[in-house]
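Biologist: I would like to learn how to read a few features of a structure. Please take them one at a time.

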Amino acid sequence: MTAGSTTPTTGTTAEHELAELQREHGRPLFALLLRLSDGDRQRAEDLLQETFVRAWQHPEALRAPDFDSVRPWLLTVGRRLAIDAKRARQARPAEVGDAVPENARVMADHAERAAATLDVRRAVKTLTPEHREVLVQVYFHGASVAEAARTLGIPPGTVKSRAYYALRALRRVLPGYAADLR
């Protein structure tokens, strides 16, 4: 459609003009908007539709005698809409759903942690003194098997077997914590 063309004044003149605009200028405008939208077809289609809505809202711009073609006006409107949309997306923080991200660290409630500590203390007290001292050395003091063996004056194999049987006993006493004791 050119700026100087006229159409009969029927009830659907605007629809015919918009359809003609779409046929004549839709593909090049969509190509521009697709580039400006970084290849996002959905966004480009939304911008194309908004550009034609603006054309419908401003028929005087389409019929201006200064224009040989309305394509430059449409391309300018589309480009400005794409720039505004990009700026709006950059100004807003990224949208996040209700789901907890996979890499987010889940922090336990202080009360839950305190209750778990009391449960573990009670469970450790049910162990034999030999099993308890191995766990204290290896798990609470962070000693290696060799270091625990030297400190307790027992062979490293005995440290390993006592730690194994101590953890097994704790799994029975603390069934809700079994996954943490592996």
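**Salt bridges, cores and an aromatic pair**

Modeller: D119 and R122 are joined by a salt bridge, with their closest N and O atoms 3.3 Å apart. Keep in mind that this is a predicted model.

Biologist: What is the general idea behind such a pair?

Modeller: Side chains of opposite charge can pair when their charged atoms come close. In this structure there are four salt bridges.

Biologist: How many residues apart are D119 and R122 in helix α5?

Modeller: Three; because D119 and R122 have that spacing in helix α5 (residues 110-125), about one helical turn separates them. D119 is partly exposed, with a relative accessible area of 24%, whereas R122 is exposed at 51%.

Biologist: Which residue forms a salt bridge with R54?

Modeller: E50 does, and the closest N and O atoms are 3.0 Å apart. Both R54 and E50 belong to helix α2, where four residues, about one turn of the helix, lie between their positions. R54 has a relative accessible area of 31% and is partly exposed; E50, at 30%, is also classed as partly exposed.

Biologist: Where in the chain do D38 and K86 lie?

Modeller: D38 is in the loop between α1 and α2, and K86 is in helix α4. D38 is exposed, with a relative accessible area of 60%, while K86 is partly exposed at 30%.

Biologist: Now the interior. What should I expect of nonpolar side chains?

Modeller: In soluble globular proteins, they tend to be buried together. Here the largest nonpolar core has 17 residues, and L21, L33, W73 and L74 have the most contacts inside it. Helices α1, α2 (41-57), α3 (59-62) and α4 (71-91) each contribute at least two residues to this core. Apart from it lies another core of nine residues, including A123, V124, L127 and L167.

Biologist: Which residues does L74 touch, leaving out those up to four places away in sequence?

Modeller: L74 touches L21, H25, L29, T51, F52 and A55 on that count.

Biologist: H25 is in that list. Is H25 buried or exposed?

Modeller: H25 counts as buried because its relative accessibility is 2%, and buried means under 20%. H25 lies in helix α1 (residues 13-36). The H25 side chain also makes a polar contact, at 3.0 Å, with the side chain of R71.

Biologist: How is a pair of aromatic rings described?

Modeller: By two values, the distance of the centres and the angle of the planes. The count for this structure is one aromatic pair. Y164 and Y165 form it, with 5.0 Å centre to centre and 80° between the planes. The pair is edge-to-face, because planes over 60 degrees apart are given that label.

Biologist: How does the relative accessibility of Y164 class it, buried or exposed or in between?

Modeller: Y164 counts as partly exposed, at 45%. Y165, at 44%, counts as partly exposed too. Both labels follow because the values fall between the 20% and 50% limits.

Technical notes. Residues numbered from 1 in each chain as written. Predicted model: local features only at pLDDT ≥ 70, side-chain atom pairs only at ≥ 80, totals over all residues. Heavy atoms only, no water. Buried < 20%, exposed > 50% of the residue type's maximum accessible area, 1.4 Å probe, protein only. Polar contact = N/O pair within 3.5 Å; in protein donor to acceptor, adjacent residues only side chain to side chain. Core = buried A, V, L, I, M, F, W, Y, C linked by side-chain atoms within 4.5 Å. Contact = heavy atoms within 4.5 Å. Phe/Tyr/Trp six-rings, centres within 6.5 Å; stacked < 30°, edge-to-face > 60°. Salt bridge = Lys/Arg side-chain N within 4 Å of Asp/Glu carboxyl O.
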